[in-house]
Amino acid sequence: MSEVTVTQFAETLKIPVEKLLSQLGEAGITVAGADALISDDAKQDLLTYLRRTHGHDASTAAAAAPRKITLNRRTSTEIKVGAGQGRAKTVTVEVRRKRTYVNRDVLEEDARKQQEELDRVRAEEQAKAEQQARAEQERQREQQLEQERLQREKSEAEAEARKKAEEEQRERELATATEAEAQTKLDEESRKRDVEARQRREALGKREVRREVVDVLTAASDDEVPDDKATLFGRQELHVAADASGRRKKKKSRRRTVAVSAESSRHGFERPTAPVVREVAIPETIKVGDLAQRLAVKSTDVIRSLMKMGVMATINQAIDQDAAMLVVEEFGHIAKPAKIEDLEDSLKPADTGAGEKKPRPPVVTVMGHVDHGKTSLLDYIRRTKVASGEAGGITQHIGAYHVETDKGLITFLDTPGHAAFTSMRARGARVTDIIVLVVAADDGVMPQTEEAIVHARAAGVPIVVAVNKIDKSDADPDRVRQELVAKEVVPEEWGGDTMFVNVSARTGQGMDDLLNAILLQAEVLELTAVAEGRAAGVVIESSLEKGRGAVATVLVTRGCLKLGDALLAGQEYGRVRAMTDELGKPVTEVGPSRPVSVLGLSGTPNAGDEVMVLEDERKARELAQFRLSRTRDKKLAQQQATKLEDVFSQLGASQSKTLQLLIKADVQGSAEALSDAMSKLSHDEVQVKVISVGVGGLSASDITLAAASKAIIIAFNVRADGAGRQAIKDTGVDVRYYSIIYQAIDDVRAAITGMLAPVIREQIVGLAEVRDVFKSPKYGDIAGCLVVDGYVRRNNPIRVLRNNAVIYEGELESLRRFKDDVNEVRAGTECGIGVRNYNDVKPGDQIECYERTTIERTA
């Protein structure tokens, strides 16, 4: 390219002249002005500078080069063609060409990389093959050495057997000779044997030394130390000197003399030792195989001993502690009952409860009869509307709330008042410090009120009585006090120790007095707890929620529960993944007397289970699996063994009807309450059997189980998922959905009533005396009777009495009066009676007419 001016070069590059001059100055190229000439070298220097400035160099340019370039070319030509009638038509023809150019450097680089990868794979395969060949050679060498050792042992055994046979032959020959000749021959044979043995030992010793030297050299070449080997001379290993000479020390050869006598061929018998008496620890349940292992006897012997006691069990079945102790004593050992608490204490951490105790807020449980205003009372304190959200306006879950009042912090537990939630109320009484007994001023003491008093006394918890609904016109607080005094709950103003507060959950009257009474009672109790260290608590409620998994409501009683702690709750374990308070707000740590919802457990624990934080998740899993196996063994042990009397009891039970139920609920407490309530509905003739109790929605496996067991599904506040709904359509299982517990109880009670067999009662309606008997060719014997009481009706069944004893029971064939068929004959009237299929009626007999009445039974 010829030299051009700066102005011309800027026009070629389509940039301003000033910008080109500044770039030339930055690149270190000196020019006089816009009219100055610029050389090709200066242009190349400018291009190099610009590439370096924008991050491009030779390597990056090469890397950025395209792998292939495609060029598209298009050419157009015009041709004229005749269109007829002497006219010409111009046609445009366009030719498109496409050509692709491939970068050879890229192809060569790819080929080089593929070749390197292929070489690497081949090298790895070759190294692997060499390693396998070395391993195969080592295995063959070990097999050869093992075969040599076995051959040598076999030859030695054959030589020993041959020598023993020869000795026995010689002894038999010597027995027939004289004593002197025998002694001389024996000495010669002994010397000969010694010589042969010495020669054989020397030969075998040389071969053994050679083999050991070869092993040592082989081990030294493989950088391994040879294992201890026993030689013919009793050496355990071959010792090689560590000095440069490497010579072995010579051992003095000791000559072994063989003394043959008559006593050497005799066997020595010893008196049997005393039997070993073991002390066997027996848990609450133990499998037959484990018991046999502890006794060091065969399992068949233990099964035979159990059969003698009338217990039929296999090797994998569990038996109770009493039966196991009897088996242990029968085998002559000492049985020691082991407590499960000792095993759990060995797995639990030893530092629980250690630390400084600090004051904590009180845990208050609100109890009382259904619809007496317990939840409404808490609503006013919490300024919420919980009661309106419950189905039917009654509480069916146990709720835990942490309330910050003007008087201090208080944790409230709201329990259901329905009769079916007895276990839930008892659980609330066990974990509480103070019980607020709510009694309606217009209703007085009711059954669940008395039950709450019993729970409070059983737990040893003080009571604060809240007389609710005093704003009503028919409220009578004094009557409530009198009724509670009859239950030994005496107010303080009457000389007792129980505080009574008149309140109104609707108007808020007396709420401050109630809170003051609760905090005063808490001060008297001086409630304290360890606020630091590993946490412990109680499961208040648990549920299985979609998208969250197992959720447990835990009331912390000791320590501080934090995110990430390894948690153990009954038979479930896990790590705390998230925690939320009663309002759904996430929290990171929780102290004593605080309720919290915990996520991360392996399943839904039972309400009332103890919660504790352990060292790690492995420890929690170990203890949870131990509890699970203990529960499973206990269930197996509770199953009665097959005995003769059980067979008859099962035969009698098979005649009764059974109503199978499968219960699924939203929370564990409701499922437990439903199961207990349904089990109490059992009748002598209809047994209610709950085959499964679970938490969460209905799945396809639940529907399949119900269909196989012919059970009715009780779904409490849960619904079936997609697969469950399809399974319901396919199997036709009866699924009942409920949101109020007493509706479910009423429906099951109605079903049981429908399954009960009706009661049939017999009522005597008439009595006729037989005066004479006549013969009839059509009906046989006809009894001429006089109706003395009631009436005789044709369609009613009859009994024939003779001497006040029933001799026949059947129906009437005919009933006539003066040769006319009649349907009924009343007292004081004569009639003719024909008894069907009976011809032995005699004068003086009595015919009793009665009717059957069917009465429906109720459960």
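Predicted model: local features only at pLDDT ≥ 70, side-chain atom pairs only at ≥ 80, totals over all residues.
Two strands count as paired if DSSP finds at least two bridges between them.

- Strands of a sheet pair through backbone hydrogen bonds, and the pairing can be parallel or antiparallel.
- Strand S17 covers residues 536-545. Eight of its 10 residues are buried, so S17 is largely enclosed by the rest of the structure.
- S17 and S18 run antiparallel and are joined by nine bridges. Val539 stands opposite Val554 in S18.
- S17 and S18 also form a hairpin, with three residues between the strands. In this hairpin, Gly547 takes a positive phi near 90°.
- S17 is joined to strand S24 (residues 610-614) as well, by three bridges. These two strands run antiparallel. Gly537 has Val611 in S24 as its bridge partner.
- Strand S18 (residues 549-558) is linked to strand S23 (residues 594-601) by six bridges, again in antiparallel fashion. Val556 has Arg594 in S23 as its bridge partner.

- Strand S25 (residues 657-665) and strand S27 (residues 712-716) run parallel, joined by five bridges. Lys664 has Ala715 in S27 as its bridge partner.

**Helix pairs**

- Helix H1 (residues 6-13) and helix H2 (residues 17-26) have axes that come within 9 Å and cross at roughly 105°. Angles from 65 to 115 degrees count as roughly perpendicular, and H1 and H2 are therefore roughly perpendicular to each other.
- H1 contributes Val6, Thr7, Phe9, Ala10 and Leu13 to the contact, while H2 contributes Val17, Leu20 and Leu21. By class, the contact of H1 with H2 has seven nonpolar residues, one polar and no charged.
- Helix H11 (residues 374-382) packs against helix H15 (residues 511-525) at an angle of about 95°. Their axes are 11 Å apart. The angle makes H11 roughly perpendicular to H15.
- Leu377, Tyr380 and Ile381 in H11 meet Met511, Leu514 and Leu515 in H15. The contact of H11 with H15 has six nonpolar residues, with no polar and no charged ones.

**The aromatic pair**

- A pair of aromatic rings is described by the distance of the centres and the angle of the planes.
- The ring centres of Tyr808 and Tyr838 are 4.6 Å apart and the planes are at 15°, so the pair is stacked.
- The pair links distant parts of the chain, 30 residues apart. Tyr808 is in strand S32 (residues 805-810). Tyr838 is in the loop between strand S36 (830-835) and strand S37 (846-855).
- Tyr808 and Tyr838 are both buried.

How values were computed
Residues numbered from 1 in each chain as written. Heavy atoms only, no water. Axes fitted to C-alpha atoms, helices over the stretch in contact; angles between N-to-C directions. Helix = DSSP H or I, 4+ residues; strand = E, 2+ residues; numbered from the N terminus. Parallel < 35°, antiparallel > 145°, perpendicular 65-115°, else oblique. Contact = heavy atoms within 4.5 Å. Nonpolar A, V, L, I, M, F, W, Y, C, P; charged D, E, K, R; others polar. Buried < 20%, exposed > 50% of the residue type's maximum accessible area, 1.4 Å probe, protein only. Phe/Tyr/Trp six-rings, centres within 6.5 Å; stacked < 30°, edge-to-face > 60°.
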